[in-house]
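Here are some brief notes for a first look at the model. Please read them with the structure open.

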Amino acid sequence: MKILIASDIHGSAFWAERLMTAVERERPDRIALLGDLLYHGPRNNLPREYDPSRVIPLLNDLASSIPLTAVRGNCDSEVDQMVLDFPLMADFAQIVDARGREILLTHGHVFGAGFHNSVDRLPHLAPGAAVVFGHTHVKVNQACDAHPGIWAFNPGSVSIPKDGSNSCGVYEDGAFRHIVLTEGM
């Protein structure tokens, strides 16, 4: 199973289009969206080509062609759910891969692994599980010291990175990796 993981699009049509190019190139079996899809939020500057009305059909088309799981971010609201064709309002979702590994998908503001001053609160997870979160806009791919036996992965931010590069991620064959999105994609 190959899962493409993206977070924090924040309504940027420019970067959402680059994400669609990454989806086409990677050809995942499933998409995981970790919230903050349409609205930029009061703490963020407007992202490049901020245009949620252009992002909506891109995400809806994606959901109609590839199985998609999404969770709510702190900038997502009921009005976002009204325009998106896939469920968005859950604080977390779980996927179990073919090997039986539990993968917790969350935005990071309700549940999280404590990286970069974010929430450090996880439900009970089996040893070997992974917590996959966004919210901080900073890439993570490492063991979670605060939660022994748990792996932490943050794909970074599609549109407003706080670590210097726009990105998403992939989970395949039991391993996570980052994909840096570029302007020319």
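1. In which loop is Asp173 found? Asp173 sits in the loop between β11 (167-172) and β12 (175-180). Bear in mind that this is a predicted model.

2. Check the backbone at Asp173. Its phi is near 55°, a positive value in a residue other than glycine. Most residues other than glycine have a negative phi. Is Asp173 buried or exposed? Asp173 has 57% relative accessibility, so it counts as exposed.

3. Now turn to Asp8. This residue lies in the loop between β1 (2-6) and α1 (13-26). Phi of Asp8 is near 60°, again a positive value in a residue other than glycine. Asp8 counts as buried, because its relative accessibility is 0%. The cut-off for buried is under 20% relative accessible area.

4. The largest cavity has a volume of about 30 Å³. Its lining is made by Ile3, Ile5, Ala32, Ile95, Ile103, Leu105, Val132 and Tyr171. β1 and β5 (102-106) are the elements that give two or more residues to this lining. By class, the lining of the largest cavity has eight nonpolar residues, no polar ones and no charged ones.

5. Last, the surface. Which residues make the nonpolar surface patch of about 300 Å²? Val79, Met82 and Val83 make this patch. Val79 lies in helix α3 (residues 78-83).

Technical notes: Residues numbered from 1 in each chain as written. Predicted model: local features only at pLDDT ≥ 70, side-chain atom pairs only at ≥ 80, totals over all residues. Heavy atoms only, no water. Patch = residues over 30% accessible without salt bridge, like charges linked within 9 Å, V, L, I, M, F, W, Y side chains within 5 Å. Areas by Shrake-Rupley, 256 points an atom, 1.4 Å probe, with all protein chains shown as cover. Salt bridge = Lys/Arg side-chain N within 4 Å of Asp/Glu carboxyl O. Helix = DSSP H or I, 4+ residues; strand = E, 2+ residues; numbered from the N terminus. Buried < 20%, exposed > 50% of the residue type's maximum accessible area, 1.4 Å probe, protein only. 1 Å grid on protein atoms, 1.4 Å probe; cavity = no way out; pocket = protein on both sides within 12 Å on 5 of 7 lines; lining within 4 Å. Points joined across faces, edges and corners; volume = space filled by probe spheres on them. Nonpolar A, V, L, I, M, F, W, Y, C, P; charged D, E, K, R; others polar.
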